[in-house]
Amino acid sequence: MPHTSAPPKIHYPAQATDAANAAYCPVKSELCAAAGVKEADVLIFEPQTTTTRPAYAVWVDKENKRIIWGFRGTTDLNVSCSPALATS
């Protein structure tokens, strides 16, 4: 029997969609409104896409005790390959 306090299964895909959409926001306040988070919970906000990485944001979901990473998708093959070519 599932834990009664667990969120419905639809919560995770819905939050993933919100995170992806929020990554397209050009300013932090818009990202927060789109993702439903407080500005204080945003850890990293990089709204500009470069040749080596997509725009992205990382924030804390305190209620569910998770870190959320939202990033922009792309149709450009060069940008799609950049994560595979990146080094740490």
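Is D41 buried or exposed? D41 counts as buried, at 12% relative accessibility. Here buried means under 20% relative accessible area, exposed means over 50%, and partly exposed lies in between (1.4 Å probe, protein chains only).

This is a predicted model: local features need pLDDT of at least 70, side-chain atom pairs count only at pLDDT 80 or more, and totals for chains, interfaces and linings use all residues. Residues are numbered from 1 along each chain as its sequence is written, and side-chain values use heavy atoms, leaving out hydrogens and water.

**The sheet**

- An open sheet is built from 3 strands in the order β1-β2-β3, with antiparallel pairing. Two strands pair if DSSP finds at least two bridges between them.
- β1 and β3 (66–71) stand at the edges with a single partner strand each, so one side of each has no neighbour in the sheet.
- From one strand to the next, the twist averages 15°.
- Strand β2 (residues 56–61) is joined to β1 by 4 bridges. Strands are DSSP runs of E with at least two residues; helices are runs of H or I with at least four; both are numbered from the N terminus.
- Helix α2 (residues 28–35) lies across β1 and β2, at about 120° to β1. Axes are lines fitted to C-alpha atoms, for helices over the stretch in contact, and angles run from 0 to 180 degrees between N-to-C directions.

**Salt bridges**

- The count is 3 salt bridges. Each needs a side-chain nitrogen of Lys or Arg within 4 Å of a carboxyl oxygen of Asp or Glu.
- K62 pairs with D41, with the closest N and O atoms 3.2 Å apart. K62 sits in the loop between β2 and β3, and D41 in the loop between α2 and β1, 21 residues apart. K62 is exposed, at 58%.
- R53 and E46 also form a salt bridge, at 3.2 Å from N to O. R53 is partly exposed at 22%, and E46 is partly exposed at 30%.
- D61 forms a salt bridge with R66, with the closest N and O atoms 3.1 Å apart. D61 is buried at 9%, while R66 is partly exposed at 23%.
- D61 lies in strand β2. Leaving out residues up to four places away in sequence, D61 touches Q15, R66 and I68. Contact means heavy atoms within 4.5 Å.

**I44**

- I44 is found in strand β1 (residues 42–46), and its bridge partner in β2 is V58.
- I44 is partly exposed, with a relative accessible area of 35%.
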